[in-house]
Amino acid sequence: MTQLTPDGLLEVAYQEALRGLAEGGVPIGAALFDGDGVLLGSGHNRRVQSGDPSTHAETDAFRAAGRRRDYRSTIMVTTLSPCWYCSGLVRQFGIGTVIVGESTTFHGGHDWLIEHGVAVTVLQDRRCIDLMTAFIAEQPALWFEDIGVADPSTVE
């Protein structure tokens, strides 16, 4: 069992993000826990490594967790604010809680999740911010590909 604090849960996702970076991918990690803090599955963004554009960190963790009858009491922890695709996964399966490492470098769909009754905590964790800031500076083309931006000059 992992320490059932937001920072304790985030540590698993952060280590996954570091694995992704070491593999040459986008450093985003995620983990899915039950309500007691038992790790169900963890994963990281593998879009580059697998050549599969649907393998985001949250989907990788979700797949690793396996089937469950009910996800309402589960906690999805992710190092970065979830994109619309991953936010949709949270809503589709009724994941009740999301812990976000940071939303400074990318503000995904976590506000929408809150509007739909998901308990969301955004930590603005310095390690997560620094990891993504450095990655974006070093790999801007890969970053923009990951977030679906064909023309970076159009980003506000």
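Predicted model: local features only at pLDDT ≥ 70, side-chain atom pairs only at ≥ 80, totals over all residues.
## The chain as a whole

Let's start with the overall layout. The chain has seven helices and five strands, and read from the N terminus these elements follow the order α-β-β-α-α-β-α-β-α-β-α-α. Its C-alpha atoms fill a box of roughly 40 × 30 × 30 Å along the principal axes. The radius of gyration is 14 Å, which agrees with the value near 15 Å that a compact globule of 156 residues would have.

Of the 156 residues, 47% count as buried.

Which of its residues are buried? They are Cys86, Ser87, Leu89 and Val90. These residues sit on the same side of α4, because they cover an arc of only 150° around the axis. As a reminder, an α-helix has 3.6 residues a turn, so residues three or four places apart point the same way.

Trp84 and Gln92 are exposed on the other side of α4. The cover over the buried residues of α4 includes helix α3, the strands β3 (75-78) and β4 (97-100), and helix α5 (110-115). After the helix comes Gly94, which has a positive phi near 70°.

## How α3 meets α4

Two packed helices are described by the angle between their axes and the distance between the axes. For α3 (residues 57-65) and α4 (residues 84-93), that angle is about 35° and the axes are 8 Å apart. On the α3 side, the contact is made by Glu58, Thr59, Phe62 and Arg63, while α4 brings in Tyr85, Cys86, Leu89 and Phe93. By type, the residues of this contact are five nonpolar, one polar and two charged.

Ser87 is found in helix α4.

Leaving aside neighbours within four places in sequence, Ser87 is in contact with Pro82, Gly109, His110, Trp112 and Leu113. Helix α5 spans residues 110-115 and is one of the elements covering the buried residues of α4.

Most residues other than glycine have a negative phi. Gln124 is not a glycine, yet its phi is positive, at about 50°. Where is Gln124 placed? It lies in the loop between strand β5 (119-122) and helix α6 (126-138). Gln124 counts as partly exposed because its relative accessibility is 34%.

Arg19 belongs to helix α1 (residues 6-22). Its relative accessibility is 43%, so Arg19 counts as partly exposed. The C-alpha atoms of Arg19 and Gly29 are separated by 8.3 Å, and the two residues are ten apart along the chain.

Note on methods. Residues numbered from 1 in each chain as written. Heavy atoms only, no water. Axes fitted to C-alpha atoms, helices over the stretch in contact; angles between N-to-C directions. Helix = DSSP H or I, 4+ residues; strand = E, 2+ residues; numbered from the N terminus. Contact = heavy atoms within 4.5 Å. Nonpolar A, V, L, I, M, F, W, Y, C, P; charged D, E, K, R; others polar. Buried < 20%, exposed > 50% of the residue type's maximum accessible area, 1.4 Å probe, protein only. Arc of directions from axis to C-beta. Rg over C-alpha atoms; globule rule 2.2 N^0.38 Å.
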